[in-house]
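Open the model in your viewer and keep the selection tool at hand.

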Amino acid sequence: MDASPIRIERHGAVLVIVADNPPVNALGAAVRAGLEAGIKQGEVDESIAAMVIRCDGRTFFAGADITEFGQPMREPALPILVDVIEAASKPVVAAIHGTALGGGCEVALACHYRIAVPSATIGLPEVKLGLLPGAGGTQRLPRIAGVALAVRMTAIGDPISARTAVEAGLVDRLVGEDTLADDAIAFAKEIAGKRPLPRASERTIEPDPAAIEAFRDAHGRKLRGLDAPAANIACIEQASSGASFRDGIAYEREQFARLMSGTQSAAQRYLFFAERQAAKVDDLPADIRLRPIGKVGVIGAGTMGGGISMNFLKAGIPVTIVETGQEALDRGTAVIRRHYDASAKRGRVTADQVDAMMARLTPTLDLRALAECDLVIEAVYEDMAVKQELFGQLDAICKPGAILASNTSYLNIDEMAAVTGRPGDVIGTHFFSPANVMKLLEVVRGARTAPDVLATVMALAKAIGKVAVVSGVGPGFIGNRMLSQRANPANRMLMEGIAPERIDRVLTDFGMPMGVFQMSDLAGVDIGWHRDPTRIESIRDALAAQGRWGQKTGKGFYDYDENRTPTPSPEVKAIIDRLRAQGGHADTTYTDDEILGALLYPMVNEGANILDDGIAQRASDIDVVWIHGYGWPAYRGGPMFWANTVGLAKVVAGLDARGVAVAPLLRKKAQGGETF
Ligand code: 3HC
């Protein structure tokens with residue numbers, strides 16, 4: 001049997017219970033058992049007057065052990081353990097560093113006192129796993145910190161800083177960053193004799209419907225479609241309803257069990273591990289040496305180049321940004337500043353931080369200024385000849401060992417690498433627009449990309465807060481290759497008499513942030529158009545010929561008002577009717593479910609081809625791409641996970657019925673009763 005992850009130390013009359021369960025001190029069965037035994041030992045030992053719970057390693061408990069979910073719960077269950085802690089007759093102090101999250105926060109809430117180092121953060125992120133705090137968190141937190149903060153912390157799930165926690169009464173004292181262990185003992189001695197013990201469960205709070213209403217007004221749209229936020233809020237309402245603590249706990253337990261058995265939480269828990277799995281490249285040695293990245297160059301100060309730069313500036317990495325003309329350079333720099341100023345206005349960063357970020361930016365018209373950069377990312381016009389010329393220049397300018405990256409969204413990285421004398425240093429870094437916001441980074445591994453280059457870019461992606469997914473070289477990589485499969489059925493359905501707004505509505509009801517045609521209007525209907533108004537071979541040609549280029553011209557598939565609110569367009573309907581009459585297209589009826597299948601099954605099908613071609617390492621990587629790059633609803637787990645929930649046989653039948661060539665891997669899995 002493994003040694004216990006819990007160690008007991010005695011410091012005079014203080015018993016210190018120390019957990020050491022790397023990497024994040026998750027509250028697995030052995031940790032729970034050790035904590036319970038420690039508290040019981042402190043209770044029966046008459047020489048002990050107070051207890052401390054703290055953790056070794058990088059963090060206080062980061063939560064329940066998610067890998068245990070779905071298995072029978074081993075004793076003691078977390079809700080029992082926290083009750084044992086709170087019921088202790090001697091004071092128990094939680095000494096917090098790192099992140100006290102989920103069950104870890106609940107352990108702290110059950111303690112009678114909480115102290116923390118200033119860099120600690122505290123949160124209840126269960127909602128991000130489609131859950132709610134299931135060990136008393138929804139009942140104890142509002143009793144300590146009030147309804148408004150409890151709703152925000154549980155229904156959004158973002159942690160708060162130790163300082164905010166002090167202001168909210170959630171943390172009793174901040175202590176020295178490096179002296180937590182000693183300060184905890186001193187604090188425990190100080191409060192050892194104080195009675196009564198402050199127990200959260202014994203407090204009562206008033207209802208605060210105004211706070212809940214304000215929260216719903218501010219966040220309702222963002223939380224659309226999700227079960228867990230509403231369940232969290234309902235639990236907090238229960239805590240402040242005047243009902244007993246025990247009734248509140250029973251309600252919390254019931255809601256927790258309901259969420260845990262649902263598909264949404266299954267999808268979100270799957271995604272948690274999928275994101276971490278995506279960071280792992282199967283054939284890279286674990287001990288590979290990374291190249292140091294102290295300075296980054298970005299070529300192109302347009303929307304993409306500016307957005308890319310902002311990621312590095314925010315992470316403290318200096319950026320040299322290059323443009324071909326002064327005006328474009330000034331405009332790009334001003335846009336970056338405006339974004340940061342807006343963040344400062346919203347209180348997300350301070351004015352000093354804005355100045356520091358801008359001070360890290362060096363705008364220039366001279367490509368040779370990139371000579372000392374460790375990584376250069378080009379975000380110029382999508383044209384192979386242009387890119388190849390640039391890579392040739394970079395090869396001559398950049399220092400040996402510098403990584404040369406392209407932000408292309410579909411061009412062949414290998415062809416760019418081929419014009420350099422260092423193809424091993426070339427890689428694709430495909431950011432998604434807006435690049436400072438979207439979390440996805442498709443990292444495109446060329447045929448000759450060196451392993452340490454790939455490993456360095458993956459690590460850097462994490463450092464700038466991105467979720468990176470490795471893709472092989474191929475048109476559209478992972479995301480855009482699948483996206484292209486949605487356009488055909490969408491256009492075909494238009495010709496079968498289904499209105500664009502209905503097709504879009506089916507996608508937004510499903511949880512996508514926008515539909516096919518709304519997306520087309522946003523990106524520009526004229527993108528890729530041949531620019532000959534007399535040549536009309538598709539609905540897109542017809543719209544583009546009439547200047548309906550999307551939001552930028554105030555009209556596209558929809559009409560837009562000055563606030564960019566779309567309304568269905570009679571003109572578009574007339575254009576579609578005309579094209580349908582010309583082509584002799586008959587009306588076809590579809591249910592919403594059939595529309596959804598017609599749009600999404602071909603994407604799943606392409607996902608299977610992408611796997612078969614070795615472009616993606618694993619199905620879960622494809623799901624991560626779609627969730628973080630295109631807004632696929634997390635609670636549906638991504639296209640491949642979703643296909644599993646639909647049933648692969650049903651997906652294949654749907655594709656067959658519409659005459660789509662079924663991917664061999666998909667058909668094989670469906671026939672074998674397998675899943676992705
Ligand atoms: N259970 C099991 N494993 C966990 C875990 C958890 N709660 N949290 C993290 N891990 C694992 C990760 O899977 C990863 O494993 P790997 O190295 O094999 O891929 C490893 O720990 C390190 O995690 P990260 O790569 O995420 O490390 P970071 O330093 O970037 O982040 C963290 C650390 C902020 C703690 C982040 O891991 C995190 O947010 N964890 C989840 C926190 C959470 O959701 N807690 C609530 C759990 S649910 C709960 O408590 C229910 C209760 O109310 C009953």
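Select helix α25 (residues 639–646) and helix α26 (residues 648–657): their axes come within 6 Å and cross at roughly 100°. That makes α25 roughly perpendicular to α26 (65 to 115 degrees counts as such). Axes are lines fitted to C-alpha atoms, for helices over the stretch in contact, with angles from 0 to 180 degrees between N-to-C directions. Helices (H or I, at least four residues) and strands (E, at least two) are DSSP runs, numbered from the N terminus.

This is a predicted model: local features need pLDDT of at least 70, side-chain atom pairs pLDDT 80 or more, while totals for chains, interfaces and linings use all residues. Residues are numbered from 1 along each chain as its sequence is written, and side-chain values use heavy atoms, without hydrogens and water.

Now show side chains. Ala-643, Asn-644 and Val-646 of α25 meet Leu-648, Lys-650 and Val-651 of α26 (contact: heavy atoms within 4.5 Å).

Next, select β5, β7 and β8. They form an open, mixed sheet in that order (strands pair if DSSP finds at least two bridges between them). β5 (99–101) and β8 (160–161) are the edges, each with a single partner strand, so one side of each lacks a neighbour in the sheet. β7 (residues 121–123) pairs antiparallel with β8 over two bridges. Ile-122 stands opposite Ile-160 in β8.

Last, go to α17. Its buried residues (under 20% relative accessible area, 1.4 Å probe, protein chains only) include Val-453, Leu-454 and Met-458. Gly-465 follows α17, with a positive phi near 80°.

Terms used
Parallel < 35°, antiparallel > 145°, perpendicular 65-115°, else oblique. Buried < 20%, exposed > 50% of the residue type's maximum accessible area, 1.4 Å probe, protein only.
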